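Trainee: Please take me through this structure one feature at a time. I would like the general idea first, then the case at hand.

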Amino acid sequence: MTNTATSVFIEILVLNGSHIAETDREKEFVIWLAQRDQNAVGRGTVGFGLEEMPWLDIDVESMKQFMLSMIHGARNRTQWHILDYEPGEEWTHRTLNHFVNMIESFNQNHVNEQHYIEWTSIDDEDDYEPTIPVGYPKCKEHGVYLSSLGCVICNSLD
């Protein structure tokens, strides 16, 4: 995907995920996606493989269902009124349909819990800041879960 497409992809998923997440694990998935904010980490430096997401053996199927619900909401333009642009509908549907296929084909054999352990561990490089903000705060303006990089929507407006 282009840099712009990657930003749109992350933003529309985080918007809907923040709207529907109820459990701490669901919130973690939204925050993990929000940390792929290239406006904060650098354009052209963001990407991921499904196996890198914060999967755990105990809840693969429920998290897959959450991801599919998040994608479904993004396809239905949930929370898009918050954006200061209109994502292209054809591109959005094609890209999200491809992501659905990827999520559906992901299974427990692909899980490497080490990714979750490393992501949630605090180390010297993080300046002892937690990867997952304590209490799962949301941006007061946009209603999305904040990552350690701030609000993915605010960052796109800077």
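Trainee: Which residues is A34 in contact with, leaving aside its neighbours within four places in sequence?

Mentor: Contact means heavy atoms within 4.5 Å. By that rule, and with its neighbours within four places in sequence left aside, A34 touches I10, V14, Y145, S147 and V152. The C-alpha atoms of A34 and V14 are separated by 6.2 Å, although the two residues are 20 residues apart along the chain. This is a predicted model, where local features need pLDDT of at least 70 and side-chain atom pairs count only at pLDDT 80 or more, while totals for chains, interfaces and linings use all residues. Residues are numbered from 1 along each chain as its sequence is written, and side-chain values use heavy atoms, with hydrogens and water left out.

Trainee: Where is A34 placed, and does it count as buried or exposed?

Mentor: A34 sits in helix α2. Helices are DSSP runs of H or I with at least four residues, numbered from the N terminus. Buried means under 20% relative accessible area, exposed over 50%, and partly exposed in between, with a 1.4 Å probe and protein chains only. A34 has 1% relative accessibility, so it counts as buried.

Trainee: How many of the residues of α2 are buried?

Mentor: Of its 11 residues, 10 are buried, so α2 is largely enclosed by the rest of the structure. Among them are F29, V30, I31 and W32, but also R25, E26, K27 and E28. The cover over the buried residues of α2 includes α1, α4, α6 (113–120) and α7 (152–157).

Trainee: At what angle do the axes of α1 and α2 cross?

Mentor: Axes are lines fitted to C-alpha atoms, for helices over the stretch in contact, and angles between N-to-C directions run from 0 to 180 degrees. Here α1 (residues 3–20) and α2 (residues 24–34) cross at roughly 160 degrees, their axes coming within 9 Å. That makes the two helices roughly antiparallel, a term for angles over 145 degrees. The contact is made by I10, L13, V14, G17, S18 and I20 of α1 with E26, V30, L33 and A34 of α2. By class, this contact has 7 nonpolar, 2 polar and 1 charged residues; Ala, Val, Leu, Ile, Met, Phe, Trp, Tyr, Cys and Pro count as nonpolar, Asp, Glu, Lys and Arg as charged, and the others, Gly among them, as polar.

Trainee: How many salt bridges does the count come to?

Mentor: A salt bridge is a side-chain nitrogen of Lys or Arg within 4 Å of a carboxyl oxygen of Asp or Glu. The count comes to 6. One of them joins D59 and R25, with 2.7 Å between the closest N and O atoms. D59 lies in the loop between α3 (38–41) and α4 (60–75) and R25 in helix α2, so the pair ties together parts 34 residues apart in sequence. D59 is buried at 10% relative accessible area, and R25 is buried at 14%. A network of salt bridges links R25, E28 and D59.

Trainee: Which residue forms a salt bridge with R77?

Mentor: E89 does, with the closest N and O atoms 2.9 Å apart. E89 is in helix α5 (residues 89–105) and R77 in the loop between α4 and α5, 12 residues apart, so the pair links distant parts of the chain. E89 is partly exposed at 42% relative accessibility, and R77 is partly exposed at 33%. R94 and E90 also meet in a salt bridge, at 3.6 Å from N to O. Both lie in helix α5, 4 residues apart, about one turn of the helix. E90 counts as exposed, at 63% relative accessibility.

Technical notes
Angles under 35 degrees count as roughly parallel, over 145 as roughly antiparallel, 65 to 115 as roughly perpendicular and the rest as oblique.
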